[in-house]
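This report walks through helix packing, nonpolar cores and selected residues. The sequence and model come first.

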Amino acid sequence: MATVLLIEDEAAIADNVVFALETEGFQVQWKSLGREGLAVVRDGSPDLVILDIGLPDGNGFELCKQMRSFSNVPVIFLTARDEEIDRIVGLEIGADDYVTKPFSPRELAARVKVILRR
């Protein structure tokens, strides 16, 4: 069973994502702070990370850069930032996908499956 790390500060969104992914058979670990999520990646490297950009303790772009310095774990940004420049920056710094809010939890689960099939 694949493990997905969700780094998202909004509990309602996290609950929906966790439910959708667990329904599809994934094990999900949720962290609301970037530093907590980064520690999980350092300690055990989940199979995939879903990462918000606007976190209370920092910027998801910077967090992704830090992850990329020591890990190749796939990253999907899940964020309200929907400007073209944000999508481009996210993909250029190492994200595998970029999903904007509002979003379909089922579609997000499908995107996770596609990335993990590689």
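Does Ser 45 count as buried, exposed or partly exposed? At 38% relative accessibility, Ser 45 counts as partly exposed; buried means under 20% relative accessible area, exposed over 50%, and partly exposed in between, with a 1.4 Å probe and protein chains only.

## Basis of the model

This is a predicted model, in which local features need pLDDT of at least 70 and side-chain atom pairs count only at pLDDT 80 or more, while totals for chains, interfaces and linings use all residues. Residues are numbered from 1 along each chain as its sequence is written, and side-chain values use heavy atoms, with hydrogens and water left out.

## Ser 45 and its surroundings

Ser 45 sits in the loop between α2 and β3. Helices (H or I, at least four residues) and strands (E, at least two) are DSSP runs, numbered from the N terminus. Not counting residues up to four places away in sequence, Ser 45 touches Val 40, Ser 71 and Val 73. Contact means heavy atoms within 4.5 Å. Ser 45 and Thr 3 lie 42 residues apart in sequence, and their C-alpha atoms are 9.0 Å apart.

## Helices α2 and α3

Helix α2 covers residues 34-44 and helix α3 residues 60-68. They pack at an angle of about 15°, with axes 11 Å apart. Axes are lines fitted to C-alpha atoms, for helices over the stretch in contact, and angles run from 0 to 180 degrees between N-to-C directions. The two helices, α2 and α3, are therefore roughly parallel to each other. Angles under 35 degrees count as roughly parallel, over 145 as roughly antiparallel, 65 to 115 as roughly perpendicular and the rest as oblique.

The crossing of α2 past α3 is right-handed. A crossing is right-handed if the near helix is turned clockwise from the far one by less than a right angle, and left-handed if anticlockwise. On the α2 side, Gly 34, Leu 38 and Val 41 make the contact; on the α3 side, Leu 63, Gln 66 and Met 67. By class, the residues of this contact are four nonpolar, two polar and no charged. Here Ala, Val, Leu, Ile, Met, Phe, Trp, Tyr, Cys and Pro count as nonpolar, Asp, Glu, Lys and Arg as charged, and the others, Gly among them, as polar.

Phe 70 is in the loop between α3 and β6. At 34% relative accessibility, Phe 70 is partly exposed. Beyond its neighbours within four places in sequence, Phe 70 contacts Leu 38, Val 41 and Arg 42. The C-alpha atoms of Phe 70 and Val 41 are separated by 9.3 Å, at 29 residues apart along the chain.

## Helices α1 and α5

Helix α1 (residues 11-23) packs on helix α5 (residues 105-117) at about 55°, with axes 9 Å apart. That makes α1 and α5 oblique to each other. This crossing of α1 past α5 is right-handed. Asn 16, Val 17, Ala 20 and Leu 21 in α1 meet Pro 105, Leu 108, Ala 109 and Val 112 in α5. The contact of α1 with α5 has seven nonpolar residues, one polar and no charged.

## Two nonpolar cores

The largest nonpolar core has 19 residues. A nonpolar core is a set of buried Ala, Val, Leu, Ile, Met, Phe, Trp, Tyr and Cys residues joined through side-chain atoms within 4.5 Å. Ile 7, Val 49, Leu 51, Leu 63, Met 67 and Phe 77 have the most contacts inside this core. At least two residues each come from β1 (3-7), α2, β3 (48-51), α3 and β6 (75-79). The largest share of the core, four residues, comes from α3. A second, separate core has 18 residues, including Val 4, Leu 6, Ile 76 and Ala 109.

What does Met 67 touch, not counting residues up to four places away in sequence? Met 67 touches Ile 7, Leu 38, Val 41, Val 49, Leu 51, Val 73 and Val 75.

Gly 90 lies in helix α4. Its relative accessibility is 0%, so Gly 90 counts as buried. Gly 90 touches Phe 61, Phe 77, Ala 95 and Tyr 98, not counting residues up to four places away in sequence. Asp 86 is also in helix α4 (residues 84-92). Asp 86 is buried, at 11% relative accessible area.

Asp 97 belongs to strand β7 (residues 97-100). With a relative accessible area of 15%, Asp 97 is buried.

## A cis peptide bond

The peptide bond from Lys 101 to Pro 102 is cis, with omega near -5°. Pro 102 is in the loop between β7 and α5.
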